[in-house]
Amino acid sequence: MKIPVTLNDEKIIMDANPDDRLLDVLRQKKLFSVKKGCGKGRCGFCTVLLDGQPVASCLIPAGIVRNASIVTLEHFSKSPEYADIADGFKTAGVHPCGWCNAAKYFTVHSLLSRIYRPSKDELNELADGQTCSCTNRDTFINGVLYAVANKHRREGRKNGI
């Protein structure tokens, strides 16, 4: 089946069976930031942005992504939003293991794109969703807070607004 999509800002036609997992289709395209993990949507290793939202690509049949926008970590890593998060993680001492990178970056990106200044409850909820044990909870939350500050600085927002 021919499936038109926008993959990493490029319009392409994916050739896949409608019930093929998006994860497998992306890996066939040599997009290896999309990792095979639990296969049940829990671990986050296969996370991509689908129409701007982080999703587990292992749960998404290729047939339902027609005309969707898909972004993988390979492409996102070239954006200023990624730089904000990466610098925040580095400052806090967050060192994703390589398996969980997409889950961590895309969930933080999603939060920062929706919420100007995340509350303690929102940060705790985000940390609760991280299943990989390569980073402890407090360090991860500190990384998110530094990412928020980086984003505000980049966008020119003043303190206290």
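Ala, Val, Leu, Ile, Met, Phe, Trp, Tyr, Cys and Pro count as nonpolar here, Asp, Glu, Lys and Arg as charged, and the others, Gly among them, as polar.

Some ground rules. This is a predicted model: local features need pLDDT of at least 70, side-chain atom pairs count only at pLDDT 80 or more, and totals for chains, interfaces and linings use all residues. Residues are numbered from 1 along each chain as its sequence is written, and side-chain values use heavy atoms, with hydrogens and water left out.

A pocket is an open set of points on a 1 Å grid over the protein atoms alone, where a 1.4 Å probe fits, with protein on both sides within 12 Å along at least five of seven lines. Lining residues have an atom within 4 Å of a point.

Who lines the largest pocket? There are 20 residues, and the closest to the centre are Pro-54, Thr-107, Leu-126, Gly-129 and Gln-130. By class, the lining has eight nonpolar, eight polar and four charged residues. β4 (53-56), α4 (101-114) and α5 (120-128) each supply at least two residues. The largest share, five residues, comes from α4. Those labels are DSSP runs, numbered from the N terminus: helices are H or I with at least four residues, strands E with at least two.

Next, the rings. The structure holds six aromatic pairs. Rings of Phe, Tyr and Trp (its six-membered ring) pair if their centres lie within 6.5 Å; planes under 30 degrees apart are stacked, over 60 edge-to-face, the rest tilted. Take Phe-89 and Phe-140: a tilted pair, 5.9 Å centre to centre, with 50° between the planes. This pair links distant parts of the chain, 51 residues apart: Phe-89 in α3 (residues 80-92) and Phe-140 in α6 (residues 137-155). Phe-89 is buried at 1% relative accessibility, and Phe-140 is buried at 3%. Buried means under 20% relative accessible area, exposed over 50%, partly exposed in between (1.4 Å probe, protein chains only). Ring pairs also build a cluster: Phe-76, Tyr-82, Phe-89, Tyr-105, Phe-106 and Phe-140.

Cys-132 is in no disulfide either; the nearest cysteine sulfur, that of Cys-97, is 3.6 Å away. Cys-46 is buried, at 3% relative accessible area, and Cys-132 is buried at 16%.

Note on methods:
A disulfide is a pair of cysteine sulfur atoms within 2.5 Å.
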